Amino acid sequence: METHRAILDVLADRWWIAALSFGVALVATPLMRLIAHKTRIVDRPDELLKPHGRPVAYLGGVAICLGLLSGLLAHLLTRPGGDLLWARIAADLGSGNVRGLISNPFWNLLGIAAGAIVITLVGLLDDIKNISPRKKVYGQTLAAGLMLAGGVGTRMITIVTSQIGITLPLWLTIAVSAVMCVMLVIATCNATNLLDGLDGLCGGVTGIIAVGFVVLAAWLGAWGHSPINSPLRLTLCVAMAGAVLGFLPHNVPPASIFMGDAGSMLLGFFVAAMMALFSEEGNPRWFIAACGIFALPIIDTGLAVVRRLLSGKSIFAGDRSHLYDQLIDRGMSVRQVVGLFYLLAAVAATLAVSMGIFLRMREAVPIYAVVIMLISYVLYRMGMVRPQARKAGLVGIELESKRMNLLFTSAGRRVSLLHEFQRAAHDLGLRLEIHAADMDPMAPALQIADRQLLVPHIGHHEYTQRLSAYCRDHKIHAVIPLIDTDLSVMSASRQLFEQAGTRAIISSQEVVKVACDKLLTCRFLQDNGFLTPRVLTADEVAAACPPLFIKPRFGSASLGAHKILTNEDLAYYRHKNPDSVVQELIEGQEYTVDVFTDLSGRSLCAVPRQRLEVRGGEVTKSKTVRHEEIIRQSRRLVDCLAGCVGMITIQCFLTPDNRVVFIEINPRFGGGVPLSIVAGADSPRWLLELLLGRTPTIHSDAWQDNLVMLRYMKGLFVPQDQLAATRGGSLPEPLDVKPSQQPAAESLDIPLPE
């Protein structure tokens with residue numbers, strides 16, 4: 001009870017520092033979010049398991065740093081006897097008294113604050129410019145040097161020498177301690193950086209760690225351990241705890257702002273500073289307790305190093321097999337994983353603080369050793385040391401052989417799209433075997449595929465069984481449908497492909513249903529606040545005056561879609577297709593927008609294509625246009641659909657008064673998508689990388705504006721006996737035009753649509 005009172009007494013004059021840091025971070029975070037969006041310092045969702053569907057602001061680390069510095073500054077300005085400490089700094093600087101400086105707690109705090117600013121700037125630079133790991137290590141070393149110059153960490157080696165009964169010369173003590181301190185800063189900065197993989201994960205875990213440090217520092221202060229450093233340790237702990245907890249409400253799933261490397265490395269630097277301060281007395285008991293509080297990031301980082309060494313990879317090579325990644329792969333949600341990590345961090349901090357307070361070194365060390373061995377055994381038995389390759393149909397496809405088999409259904413005339421996939425695979429060093437399926441043996445795309453499959457009509461009852469059996473027999477990794485009528489049938493039979501070990505690159509059944517039913521499309525757009533042509537009721541149609549627009553409710557490729565100019569035309573087309581949808585006619589410039597999403601449905605890039613000329617429902621002349629409002633609304637539309645996979649093709653009008661009016665949603669690769677690919681939105685490469693379980697580098701605005709596509713007819717010449725006449729058989733190389741006859745603009749070789 002006396003100890004409890006003493007700890008509260010120690011914290012009594014420090015709680016306001018935590019409150020100040022909390023308040024500053026809480027207010028600064030939304031301001032930083034606003035600045036980040038204005039300056040486009042955002043994280044574009046190009047990582048496989050990041051739980052955000054649109055660009056999310058960085059600069060959360062700057063808000064944490066502001067909260068921390070405000071608490072430290074308040075301590076410097078209000079501590080009793082501060083004038084004397086400032087005067088001692090001035091005197092020691094003037095006389096060159098190094099010993100006096102490094103023993104001054106204000107000087108220590110200035111060194112830590114300077115290092116915190118530097119590490120935040122290095123992380124911010126990485127968030128903006130994506131600097132190399134080597135440059136980040138240089139920045140971490142500089143931050144450690146500033147902390148050492150402030151006198152913190154200059155005696156770390158004493159936690160070893162004190163146990164073996166030797167005393168090193170002062171210069172050697174400082175030199176060896178400096179090396180230890182630099183290594184510690186680099187290790188903890190990278191450990192917290194690696195932990196920053198899910199919304200709220202790093203901030204929440206580090207907040208719990210900071211609270212653990214507060215309790216340990218308060219207990220040491222209550223019992224008179226290292227009275228000189230006690231106020232410094234307490235101030236740093238409560239300021240960081242307040243700053244992290246002030247940021248956390250904006251970062252919990254779904255996060256509205258990320259801390260980025262600026263925040264994660266700052267938190268790692270804080271941990272290193274605290275460990276260095278806990279080692280000042282030369283007693284390893286407190287240093288080991290601090291390591292125990294920080295156990296969760298240490299375990300995750302150690303596991304990553306072991307995993308990469310066992311697989312023959314560099315320890316600096318990124319992967320997505322961290323503890324939290326593997327738990328998500330096993331079916332846990334982001335919130336469940338984050339909650340579990342909070343619980344584990346709290347347990348680790350509680351045990352470490354309790355053992356540090358109540359057990360002596362000779363009693364604690366065997367317990368720590370047993371716990372480490374037990375954790376290692378559990379992780380090994382769970383398969384987390386050598387995680388299995390991810391299975392098709394789950395998150396991605398891991399292929400050690402760098403070989404992939406893709407099946408394109410209803411391939412028709414999509415020769416250029418298949419060529420783009422072949423080119424993307426070559427760029428990735430991937431051996432890609434393209435399989436193409438179609439009901440017509442004379443389909444051009446069949447002739448250029450590596451293997452062909454003739455299938456019955458899509459409406460045939462054996463259609464999906466034939467496809468899934470082929471996928472199983474030929475070890476197809478992913479199947480990609482290319483026309484609308486395939487989508488409904490295949491999305492309803494997704495389980496057949498998963499049982500065959502094949503990932504179906506098809507949006508959810510709900511998305512497909514909305515896209516293929518024009519009435520549901522209109523209803524979805526209206527319900528989510530998008531402009532769309534109004535559908536006329538039967539009574540309104542009877543009294544309507546042209547011009548109007550009519551299209552089949554379940555149509556595809558603009559078949560049966562007509563502009564109605566007379567009442568006679570309206571009566572004729574309604575009689576021809578009674579299930580047609582009649583809408584108001586929208587005038588304006590028509591656009592097609594290619595929106596690429598990852599395997600979790602997050603929109604990553606959108607490229608509007610202005611339709612300059614259309615034949616048979618497909619664009620023949622088009623150009624890319626960087627229209628920000630069309631891009632913004634198209635990505636929001638895809639995010640609202642919540643279930644999109646791969647390429648989503650959206651059609652809209654830009655009216656003369658600059659309104660964006662949506663008319664169609666097609667969850668597949670459109671016929672004109674090679675234009676956006678050639679412009680720089682390399683969706684075939686991105687999709688291949690996602691299937692490989694990699695993280696594609698996607699800059700959503702890094703595509704060429706005003707690139708014009710002019711589609712033309714091109715012949716493909718194949719001897720009749722070499723046409724795709726057998727199911728699943730390879731064909732000889734088809735004859736084609738001679739090189740001298742090839743058109744100059746080969747990159748725009750886009751055949752007319754089906």
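Start by selecting Lys621, which you will find in strand S13 (residues 618–624). Strands here are DSSP runs of E with at least two residues, while helices are runs of H or I with at least four residues, and both are numbered from the N terminus. Before we go on, know that this is a predicted model: local features need pLDDT of at least 70, side-chain atom pairs count only at pLDDT 80 or more, and totals for chains, interfaces and linings use all residues. Residues are numbered from 1 along each chain as its sequence is written, and side-chain values use heavy atoms, with hydrogens and water left out.

**Stop 1: around Lys621**

Is Lys621 buried, partly exposed or exposed? Lys621 is partly exposed, because its relative accessible area is 36%. The cut-offs are these: buried means under 20% relative accessible area, exposed means over 50%, and partly exposed is in between (1.4 Å probe, protein chains only).

Now show what surrounds Lys621. Setting aside neighbours within four places in sequence, Lys621 is in contact with Gln610, Arg611, Leu612, Glu613, Met709 and Leu710. Contact means heavy atoms within 4.5 Å. Pick out Leu710: the C-alpha atoms of Lys621 and Leu710 are 4.8 Å apart, although 89 residues separate them in sequence.

Next, select Glu613. Its side chain meets that of Lys621 in a salt bridge, at 3.7 Å from N to O. A salt bridge is a side-chain nitrogen of Lys or Arg within 4 Å of a carboxyl oxygen of Asp or Glu. Glu613 counts as partly exposed because its relative accessible area is 24%.

**Stop 2**

Side chains of opposite charge can pair when their charged atoms come close. How many salt bridges does the structure hold? There are 17 salt bridges in the structure.

Select Lys136 and Asp126 for another one, where the closest N and O atoms are 3.5 Å apart. This pair links distant parts of the chain, with Lys136 in helix H7 (residues 133–149) and Asp126 in helix H6 (residues 105–129), 10 residues apart. Lys136 counts as buried because its relative accessibility is 13%, and Asp126 counts as buried because its relative accessibility is 8%.

Move on to Lys551 and Glu664, whose side chains form a salt bridge at 3.2 Å, N to O. Lys551 is in strand S8 and Glu664 is in strand S15 (residues 660–666), so this pair ties together parts that are 113 residues apart in sequence. Both Lys551 and Glu664 are buried.

**Stop 3: Arg285, a charge without a bridge**

Select Arg285 in helix H13 (residues 284–293). Arg285 is buried yet has no salt bridge, and the nearest side chain of opposite charge, Glu363, is 7.3 Å away. For charges, Lys and Arg count as positive and Asp and Glu as negative, while His and the chain ends are not counted.

What lies 3.2 Å from a polar atom of the Arg285 side chain? It is the backbone oxygen of Leu359. Not counting residues up to four places away in sequence, Arg285 touches Gly356, Ile357, Phe358, Leu359 and Met361.

**Stop 4: two loops**

Go to Ser410, in the loop between strand S3 (403–409) and helix H18 (415–427). Ser410 counts as buried because its relative accessibility is 10%. Show Asp486 too: its side chain makes a polar contact with the side chain of Ser410, at 2.9 Å. A polar contact is a pair of N or O atoms within 3.5 Å; within protein, one must be able to donate a hydrogen and the other to accept it, and residues adjacent in sequence count only if both atoms are side-chain atoms.

Then select Pro546, in the loop between helix H25 (538–543) and strand S8 (548–552). Pro546 is partly exposed, with a relative accessible area of 23%. Beyond its neighbours within four places in sequence, Pro546 is in contact with Ile564, Leu565, Thr566 and Asn567. The C-alpha atoms of Pro546 and Ile564 are 6.1 Å apart, and the two residues are 18 residues apart along the chain.

**Last stop: the whole chain**

Zoom out. The protein chain has 29 helices and 16 strands. Buried residues make up 54% of its 754 residues.
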